[in-house]
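Me: I have not looked at this one before. Can you walk me through it in short answers?

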Protein chains: 2
Amino acid sequence: MVTLAEVAQHAGVSASTVSYVLSGKRSISTTTRQRVEQSIRELGYHPNAGARALAGKRSNIIALMIPLRTDMYVPVMMEIAIAVATTARTHGYDVLLLTGEEGPDAVRRVTGSGLADAMILMDVELEDERLPLLRRTGQPSVLIGLPADTDGLTCVDLDWTATGALCVEHLAGLGHRDIAVIGEAPAVYERHTGFAERTLDGLRTRARETGVRVLHRPCDGGYDAMAVTLARILDERPATTGFVVQNESAVEPLLALLRQQGRAVPEDVSVVAICPDQVAVQASVRLTSVAVPAQEMGRYAVEHLVAKLDGRGGDDLVLIAPELTVRASSGPAPAAS
Amino acid sequence: MVTLAEVAQHAGVSASTVSYVLSGKRSISTTTRQRVEQSIRELGYHPNAGARALAGKRSNIIALMIPLRTDMYVPVMMEIAIAVATTARTHGYDVLLLTGEEGPDAVRRVTGSGLADAMILMDVELEDERLPLLRRTGQPSVLIGLPADTDGLTCVDLDWTATGALCVEHLAGLGHRDIAVIGEAPAVYERHTGFAERTLDGLRTRARETGVRVLHRPCDGGYDAMAVTLARILDERPATTGFVVQNESAVEPLLALLRQQGRAVPEDVSVVAICPDQVAVQASVRLTSVAVPAQEMGRYAVEHLVAKLDGRGGDDLVLIAPELTVRASSGPAPAAS
DNA sequence: ATGAAAGCGCTAACAA
DNA sequence: TTGTTAGCGCTTTCAT
């Protein structure tokens, strides 16, 4: 294993000079710098991460806590994780992958051990049990998702309330008066995941304002669950002509079932999805949708964290404005029969 | 920040004693151990990761390289990643998330810096450019996926050749004589991803043996691409009655298209999928499928790595035997018309 | 069964 | 512009 001392000797300079060449924290004459860089290359030197962390008091690692469950939004999680990892690298950070399994203990462990300099939490719940600890320790962190109380925290998220409102607005504008919302799995609501509840809020508020009726039904993914849910909806509200779907694994089943029942999209019923663009485009009907900006959230989280670690920027609350893209699944409400 | 020295002082013992209580590497009297453990709890001590890595020469971190692309098997990747992370924790390891982006450089960086003790590579290509380096450095590692030459490497994978064979066998056994294979995106074959080519091998070999005709067509995901692909297949081989699908995002489109054309599943055509069980069960027709054992692969990779790091076990090649579950999408071939 | 002390490889004052 | 040196917090011989 090549050490800094060996590089120094090889280049005929002191250890600190090599260190400073690496960190750029003081000016070095061009000739020295080049000799050192040459030696580094020749010897194949890589600074030891442990020593660096110990002496420099920063590990250059960002911890990313992802949810253990995979009952929702797997592609979104993955996209965020990849965006976090690549963005982190461009800033010289590596990413430590933590699952929610350990819960608050993971926060304690990572903070206490100096394993990571900062952390990003995904799948934040409204009353998340990790938050008190985060606030208390002052650990630099960014939440992806919004808890009930954001005081003293930095959060990034899609503006779900606006997203819900936007969906209703679009359908209402097309003349739909009875809208059904096909939501995430019941478990998601039971654990008070912020985005699900906020979306619902937005949906309902704007519905009230526009005089539209909204029926919300959670739905486990898959064809069978969707069949049951759809049957119930049409039973309770036969006049339903608009659907908002916030559940990736219900999208295609819904379309299949509507087709099967002879309800044409968008002639008879309109469908608006809340999902990544890729899903919307690949569906059997190109879906009018509000995109979940996964990459943007991941990138932003890292950049904010890096700024914090560099002493720039403080707490912040970033709500990304939703964008609705009109595709082939929504159109004017059919004339009332 | 609480240090080991502070714990030692608080407990009235020496630093080494605290260290040994933590590592269990030498016997400690019960009373001392209890005093030390008490102090650790009272002070909220967490060993510093950097110092530990520096002095102990192991970081207790396993690096996981995931592919950057998300053109295939996102849920599988995610499941593997989560299985790796949770299994690693049960063995006292943390997981560093690397994307393929850096390529071989990442291997060099992680190895050289002592950031991780070992690595797991996903999405291994037949002639993967990271392998020479891995072999040369002797870095403890496990590949998930099989390269062309496995010499000196440890690999885990589903036995894709057997998987392909099994699918043909099942359909042939049901009397199907013309089988179409709907594969991954063309790009997957172009970069010679091992599993895709091996599956094809298994498919073709067994087809030859059972006197069945096989037509293979790569397919980008989504409805439109699937429509084009299906049209071509039925054009070239109108007698096709069996389908093997190895592309998650083509599954539902295929089913929808078949339905649309009035071809009943499984009465007119049979479909066998290669996908996670969850996908097979949630599809609009419960799919006969060969499962991709994602969790098992992740868990095995970690366990093998831990064994290696503990000086137990060496190189190894584990091919997980495929299992085909018969569900509602396959049945006897219709009588020839 | 326990302690004392020498590093592990690096960073960052402090000097020159 | 460069060198010298004192740690960072831990593990692990070597002693006792």
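Me: Is A:Cys155 buried or exposed?
Reply: A:Cys155 is buried, with a relative accessible area of 0%. Buried means under 20% relative accessible area, exposed over 50%, and partly exposed in between (1.4 Å probe, protein chains only). This is a predicted model, in which local features need pLDDT of at least 70 and side-chain atom pairs count only at pLDDT 80 or more, while totals for chains, interfaces and linings use all residues; side-chain values use heavy atoms, with hydrogens and water left out. Residues are numbered from 1 along each chain as its sequence is written, and chains are lettered from A and ligands numbered from 1 in the order in which they are written.

Me: How many disulfides over all chains?
Reply: The count is 0, taking a disulfide as a pair of cysteine sulfur atoms within 2.5 Å.

Me: Which strands form the open sheet of 12?
Reply: The order is S11(A)-S5(A)-S4(A)-S3(A)-S1(A)-S2(A)-S2(B)-S1(B)-S3(B)-S4(B)-S5(B)-S11(B), with mixed pairing. Strands (E, at least two residues) and helices (H or I, at least four) are DSSP runs numbered from the N terminus, and two strands pair if DSSP finds at least two bridges between them.

Me: What stands at the edges?
Reply: Strand S11 (317-320) of chain A and strand S11 (317-320) of chain B, each with a single partner strand, so one side of each has no neighbour in the sheet.

Me: And the open sheet of 6 strands, in what order?
Reply: In chain A it runs S7-S6-S8-S9-S10-S12, again with mixed pairing. Strand S10 (residues 288-290) of chain A runs antiparallel to S12(A), joined by 2 bridges. A:Val290 has A:Leu324 in S12(A) as its bridge partner.

Me: Where does UniProt place the HTH cro/C1-type domain?
Reply: The unreviewed UniProt entry puts it at residues 3-32 of chain A. That span is 67% helix and 0% strand, and its end C-alpha atoms lie 18 Å apart.

Note on methods: UniProt positions renumbered as here; feature names shortened; annotations may be inferred.
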